[in-house]
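The following paragraphs lead a new reader through the structure shown below. Please keep the sequence and the model in view while reading.

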Amino acid sequence: MPSGPQPLRNLSRRPNGTANAGQLVGDYRNPILTPEAAAIVKQKGELAIAGKGFANSQDQCRPIAPPFTFAMQLGFEMLPTNDGNISIIYDQNASVRHIRMNAAHPAKLVPSSMGDSVGHWEGDTLVIDTVGVKTDAFTSVDRFGTPQSDAMHVVERYRLVDGLLAKAAQEAYEKREGTVGGGRRVAGYTTDTGPKGLQLEVTMEDPKVFTAPLTALVTYRRVTTEWQEQVCADNPVEHYKDEWLGLPKADHPDF
């Protein structure tokens with residue numbers, strides 16, 4: 001955001017000043033973090049510096065829940081359903097979210113891997129409210145391993161923006177931080193700035209992690225690349241030694 005608390009940045013930088021995506025060292029000194037969360041971010045940064053890295057839900061082929069969704073899901077399709085609700089399909093780990101429109105969270109909420117999401121329209125802005133994300137050892141807020149508790153509350157506000165504005169926002173971010181992966185863009189973007197872009201304003205509240213609500217902007221543009229089939233569990237990738245821990249296995253059948 002233009003002012004106020006800011007998300008974590010990577011302390012590891014390349015010679016040109018952009019973030020070193022191959023070494024994720026979150027700024028544990030950011031005042032938005034509680035002391036407990038800062039200690040975890042610092043410990044994971046030390047692992048990255050040592051070349052050991054640390055696992056997250058994306059590289060372990062687990063569901064990528066909000067708000068980590070917005071750090072790792074580089075492409076998505078938002079589709080209306082026949083019952084008036086919305087499904088969001090992401091391009092990583094075959095993750096799907098179901099948004100129940102004009103509904104309320106259940107009184108007795110059972111935590112789930114993607115949480116419970118309800119939505120409504122405020123004029124031309126789609127508002128999605130998510131609670132009840134089930135956390136585990138791999139759940140995090142961002143790529144720096146900022147922890148997330150069961151108290152996390154995420155509010156997303158999506159609106160269409162001018163194509164030129166979206167292009168400018170993307171280029172400003174890449175100039176400051178570089179591209180994801182530190183190399184070429186992972187997707188091709190249309191050169192036509194006529195189509196609208198999509199801007200997400202996401203607010204995260206988790207008193208066990210943040211000292212205050214944290215709001216960030218994420219800008220999306222239309223891509224020209226085709227939707228690809230990705231089967232994460234069948235194609236694990238190791239960025240560092242012993243990264244892939246394998247999928248969870250049940251000791252006995254559930255039914």
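Strand S2 (residues 86-90) and strand S3 pair in the antiparallel sense over four bridges. Strands here are DSSP runs of E of at least two residues, helices are DSSP runs of H or I of at least four residues, and both are numbered from the N terminus. Two strands are said to pair if DSSP finds at least two bridges between them. The model is a predicted one, in which local features need pLDDT of at least 70 and side-chain atom pairs count only at pLDDT 80 or more, while totals for chains, interfaces and linings use all residues. Residues are numbered from 1 along each chain as its sequence is written, and side-chain values use heavy atoms, with hydrogens and water left out.

The bridge partner of isoleucine 99 in S4 is serine 117. Which residues make up the covered and the uncovered face of S3? Arg97, Ile99 and Met101 form the covered face, whereas Val96, His98 and Arg100 form the uncovered one.

The loop between strand S3 (96-101) and strand S4 (116-122) contains asparagine 102. Its phi is near 55 degrees, a positive value in a residue other than glycine. Most residues other than glycine have a negative phi, and most peptide bonds are trans. Asparagine 102 counts as exposed, at 67% relative accessibility; in these terms, buried means under 20% relative accessible area, exposed over 50%, and partly exposed in between, for a 1.4 Å probe and protein chains only.

Is cysteine 61 buried or exposed? Cysteine 61 is buried, with a relative accessible area of 14%. Proline 67 also lies in the loop between helix H1 (35-49) and helix H2 (69-72). The peptide bond from proline 66 to proline 67 is cis, with omega near 0 degrees.

Leaving aside neighbours within four places in sequence, phenylalanine 70 is in contact (heavy atoms within 4.5 Å) with residues including Tyr90, Arg97, Tyr158, Leu200 and Tyr220.

Lysine 134 is found in the loop between S5 and S6. This residue is exposed, with a relative accessible area of 55%. Not counting residues up to four places away in sequence, lysine 134 touches Pro111, Ser112, Ser113 and Thr139. The C-alpha atoms of lysine 134 and methionine 114 are separated by 7.3 Å, although these residues are 20 apart along the chain.

The structure also holds one cavity of 30 Å³ or more. On a 1 Å grid over the protein atoms alone, a cavity is a set of points where a 1.4 Å probe fits but cannot get out, and a pocket is an open set with protein on both sides within 12 Å along at least five of seven lines; lining residues have an atom within 4 Å of a point. Grid points are joined across faces, edges and corners, and a volume is the space filled by probe spheres set on the points. About 60 Å³ of space lies in the largest cavity. Helix H3 (residues 163-177) gives the most to its lining, with three residues.
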